[in-house]
Amino acid sequence: MGGNEIRESFLRFFENKGHKILPSASLIPLSDPSILWTAAGMVPFKPFFTGAARPEYSRVATCQKCIRTPDIESVGRTARHHTFFEMLGNFSFGDYFKESAIPWAWEYVTGQLCLPPDKLWITIYQDDEEAFEIWNRVVGVPAERIVRMGKDTNFWEIGVGPCGPCSEIYVDLGAERGCGSPECAVGCDCDRYIEIWNLVFIQYFRDEEGNYSPLASKGIDTGMGLERVASVLQKVPSNFETDLLREIMDFTAGLFALKYGVEKKVDLALKVIADHCRAITFAVADGALPSNEGRGYVIRRLLRRAVRFGRLLGMQGLFLNQVAGAVIRQMGKAYPELNEQRDHVLRVVRAEEERFGETLAQGTELLNQIIADLKAAGGLVVSGADAFKLYDTYGFPLELTREMAAEQGLAVDSDGFGAAMEGQRQRARSARQETEYISERDTLFRDLRERVGETSFVGYDILEAEACVLGIFRDEEIVESAAAGQEIEFVLDVTPCYAESGGQVSDYARVTAQGLDVEVFEVTKPVENLFVHRGKVLNGVIEEHDHVLVKVDRSRRAAISRNHTATHLLHKALKEVLGNHVNQAGSLVEPERLRFDFTHYTAVLPTELQKIEEIVNQAVLANLNVKVFETSVVEARALGAAALFGEKYGDRVRAVKMGDFSLELCGGTHLRSTAEAGLFKLVGESSVGAGLRRIEAVTGEGALRYIEAREERFTEIARLVKSPPHEAARRVESLIQSIKDLEAENEMLQARLARYQIQDLLDRVKEVKGVKVLAGQAAAPDMDSLRGMVDLLRDRIGAGVIVLGSVTGEKVNLVAAVTKDLLNNGLHAGKLVKEVAAVVGGGGGGRPEMAQAGGKDPSRLNEALETVYKVVDSQIK
């Protein structure tokens, strides 16, 4: 069976078992900031297992795209390590349990995949008698083929939260694939016994003390690696030989005019390129962009590693965007988003590959300098620290450093490189912190919701509501009451307050009753449908079960809604002006301003910004009706709705439509008409990463204040240039031209002065052992000017040694030069300037032919320059 057939058969099998088939979630787990990537099929359903949210479907099956990067260096060197892979899984949220999950798994692997039962082995958690009984008595697996394993391998848990035992299905690929050890069995690290499916039985809850209690609602979470099961069915020795990766490797080999399977070095490179390019392509399509931090750094590292392996095979030109195109052609049918984002993906990959080419050029220059300095000092080995710097900062693989060093007769300290690499790994490991599956705070509010019920949000329609206090918290502990002066969190059965989400900040409000006044300055939703209000008791005492009146700050809400509606208008305008590749990559909607991050490859031109602003304001003036309605995901897509930066599983979504101009899926608060925004004004455009831009803007009163502030600054400028406001621009232009004229005149005079200085300095040339030596003080304002004078003198003097010094404030600058023809005489500019600088209380050094230094004692500059002749005399062989 091909990879596509396996994927389809799995989903259809579980669809026939009553499961809802859902598309893969994004690789970017936007609702869970604790993790960089979706690394398993269960990640999108984490809120359902923790109880933070309630699922729309109790049975679900998916093929989830995943990225894992803890062992990047192992990719291509083992049969099954990948950064990108697909995870087939079936899930139950309080529906079926082991009694169905186990027989179905057996039915699928033996009936659909046609794997021989006598080649299958089962592992269970050592104390899971229930699983043993089902495998043995119900399914019929012989007891001797059911292996009991310990907690380290067959019990799934991540800190506090739901957990449970696991059961795995292994395939015996035969003794010829094994290690040959008599003890070789299920669990051995060799390739004989391959685990293809892991069934996790979520039946316990682990608390902060490590105690386990049974869950009232049990769950099933299974995971089958598509590439791994494909390798078994296609009878190939590694995942890379399957049709899922082999086609990409063959395409890449064709670009290089090479063949897979001939040379190990070539095979390794093709595997790495294919694997990494799959990860890059899918990640960029889902909104990730190369950068120097977070998931962006992962993408940049994978891309550069793939390019480096291409360089080792002799590819000097751009190639990775072509490989990405091959990935899209192969995977686009199963993942339509790849075709939709094709142009964007290829453009990002090409731009990053070009940028890396520039970085490699810088690294080559540095390595050449390291080699030159090493040879001048008589060294024979490039240090491990230098080799690692080239690798870590400039992307140089150790093999490339070795090759370039060998060309110059030098070796590389591989052990030192390895030590530096291991040091970085250790720092990375110590920087990682274990992430709990569910936090103590989430547990607190989840339990409260189970006890007292949910919060009904009415804030889309009204800004005042009567409510009952369901619970009060202080320092994350439940209290019965709170008095004036205390900061608290509390939950109501009804609220008109919007909770922070989707980039929109929360409402402010006042909660009052007879003798009670509470100021609310934050509202959050730690678990689904439970609104937690944070505030301070200003007067009176608030108690559980109190009946209160909640009033949202109307002016703040109105300002936030203006900016949120304007954000939708801006998104549409950006697409119209810049192109459909523009996608939202983040936003912040506050009362004072809005901030919108989006995908784009260059700075937005001033003319484009002007057009964007004009389009938004035209939509504002058009007084478009803002209509909010619920619809199905299918219907929303048919209408052309743009999804917000985030995802939601479920058939019903909230859509916001602004006339015929904009339609987006959104859960935020909005105006009734675009005209209520008043005025839209762009105030900034900047880069926030490779291929990622940011626009900031203001609306309504914020726009008015911005314009007033600019008018005040303009009036002040007019006053300073002594001109009426309407003539200020012309006056400033005139002043700028005058400054340019004066600067040009100054440069001309400085050049004339320099020529006089050059001639004066040439008159001071002396000979030391037949070598021309010039040492003198020059009137140079900075080090660059001093180097320029040395260059001029070197051209005029022919063969010789030059040392110039200058004084800037309390600082001494020194530059030394030795013409190349004298280097074999033992003369070295770096060593020379170091000795001279010591006289003025400084230090420095550099290359044999050119070096610079600094000092702290200008009074001794003449004395220092006099030592030049003695040092030259001592250096000459």
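Asp475 lies in the loop between strand S13 (464-474) and strand S14 (477-479); helices (H or I, at least four residues) and strands (E, at least two) are DSSP runs, numbered from the N terminus. The model is predicted: local features need pLDDT of at least 70, side-chain atom pairs count only at pLDDT 80 or more, and totals for chains, interfaces and linings use all residues. Residues are numbered from 1 along each chain as its sequence is written, and side-chain values use heavy atoms, with hydrogens and water left out.

**The chain as a whole**

- The secondary structure of the protein chain consists of 24 helices and 35 strands.
- The C-alpha trace of the protein chain spans about 100 × 85 × 50 Å along its principal axes.
- Of the 877 residues in the protein chain, 50% count as buried; buried means under 20% relative accessible area, exposed over 50%, and partly exposed in between, with a 1.4 Å probe and protein chains only.
- Among contacts in the protein chain with a separation of 6 or more, 68% are between residues 24 or more positions apart; a contact means heavy atoms within 4.5 Å.

**Positive phi in loops**

- Asp475 has a phi near 55°, a positive value in a residue other than glycine.
- With a relative accessible area of 71%, Asp475 is exposed.
- Lys235 also has a phi near 55°, again positive in a residue other than glycine.
- The loop that holds Lys235 runs between helix H6 (226-233) and helix H7 (243-255).
- Lys235 is exposed, and its relative accessible area is 75%.

**Packing of helices H21 and H22**

- Two packed helices are described by the angle between their axes and the distance between the axes.
- Helix H21 (residues 728-762) packs against helix H22 (residues 783-797) at an angle of about 50°, and their axes are 11 Å apart.
- Here axes are lines fitted to C-alpha atoms, for helices over the stretch in contact, and angles run from 0 to 180 degrees between N-to-C directions.
- H21 and H22 are therefore oblique to each other; angles under 35 degrees count as roughly parallel, over 145 as roughly antiparallel, 65 to 115 as roughly perpendicular and the rest as oblique.
- H21 contributes Gln757, Ile758, Gln759, Leu761 and Leu762 to the contact, while H22 contributes Met789, Leu792, Leu793 and Arg796.
- By residue type, the contact of H21 with H22 has six nonpolar, two polar and one charged; Ala, Val, Leu, Ile, Met, Phe, Trp, Tyr, Cys and Pro count as nonpolar, Asp, Glu, Lys and Arg as charged, and the others, Gly among them, as polar.

**Cysteines**

- A disulfide is a covalent bond between the sulfur atoms of two cysteines.
- With a disulfide taken as a pair of cysteine sulfur atoms within 2.5 Å, the count comes to zero disulfides.
- Cys163 is in no disulfide, and the nearest cysteine sulfur, that of Cys166, is 9.9 Å away.
- Cys163 counts as buried, at 0% relative accessibility.
- For Cys666, the closest cysteine sulfur is in Cys497, 18 Å away and too far for a bond.
- Cys666 is buried too, with a relative accessible area of 4%.

**Gly843**

- Gly843 is in strand S34 (residues 843-846).
- Gly843 is partly exposed, with a relative accessible area of 40%.
- Leaving aside neighbours within four places in sequence, Gly843 is in contact with Ala837, Ala853 and Gly854.
- Between Gly843 and Ser456 there are 387 residues in sequence and 72 Å in space, C-alpha to C-alpha.
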